[in-house]
Amino acid sequence: GNLGTDHGWAGHYFVTGGGVDGGKIVGKYPRSLWRNMLGHGRRPVPTTPWEGVWSSVAEWLGVTALEDLNSVCPNRPKFVDGDDMIFDASTLFNATTP
């Protein structure tokens, strides 16, 4: 479709496996979906970047140097560590390595 109904900005991520620290939801839920969508049509604006999840997965897989994490997730430098948008391996996993 060319009306923008075939895809969107936001999504859900499920992380599964033996090392996952499960039973929790990470990220931020918008205070108001209506306000979150104002000026963006009917699309909710994501509050957690793709890099937030994949940076932690890369770290868990052994990518630990900041330069290497930024290479794996090129948009990672656009977000600040500690702002609840970029997760480290300990946020999603029990073990530090697979």
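The secondary structure of the chain comprises four helices and zero strands, where helices (H or I, at least four residues) and strands (E, at least two) are DSSP runs numbered from the N terminus. Along the sequence, the pattern reads α-α-α-α. The model is a predicted one, in which local features need pLDDT of at least 70 and side-chain atom pairs count only at pLDDT 80 or more, whereas totals for chains, interfaces and linings use all residues. Residues are numbered from 1 along each chain as its sequence is written, and side-chain values use heavy atoms, with hydrogens and water left out.

The chain has 98 residues, of which 22% are buried; buried denotes under 20% relative accessible area, exposed over 50%, and partly exposed the range in between (1.4 Å probe, protein chains only). Accessible areas come from the Shrake-Rupley method with a 1.4 Å probe, and for residues only the protein chains shown count as cover. Of the contacts (heavy atoms within 4.5 Å) between residues at least 6 apart in sequence, 68% join residues at least 24 apart.

Pro49 is located in the loop between helix H1 (33-37) and H2. Pro49 counts as buried because its relative accessibility is 10%. Apart from neighbours within four places in sequence, Pro49 is in contact with Phe79, Met85 and Ile86. The C-alpha atoms of Pro49 and Gly27 are 9.3 Å apart in space, with a separation of 22 residues in sequence.

Helix H2 spans residues 50-60 and contains Trp54. With a relative accessible area of 37%, Trp54 is partly exposed. Together with Tyr13 and Trp50, Trp54 makes a nonpolar surface patch of about 330 Å². Patches are made of residues with over 30% relative accessible area and no salt bridge; like charges are joined within 9 Å, and nonpolar side chains (Val, Leu, Ile, Met, Phe, Trp, Tyr) within 5 Å.

Side chains of opposite charge can pair when their charged atoms come close. A salt bridge was assigned where a side-chain nitrogen of Lys or Arg lies within 4 Å of a carboxyl oxygen of Asp or Glu, and the count by this rule is one. Asp21 and Lys24 form a salt bridge, with 3.1 Å between the closest N and O atoms. Asp21 is partly exposed, at a relative accessible area of 28%, and Lys24 is likewise partly exposed, at 41%.
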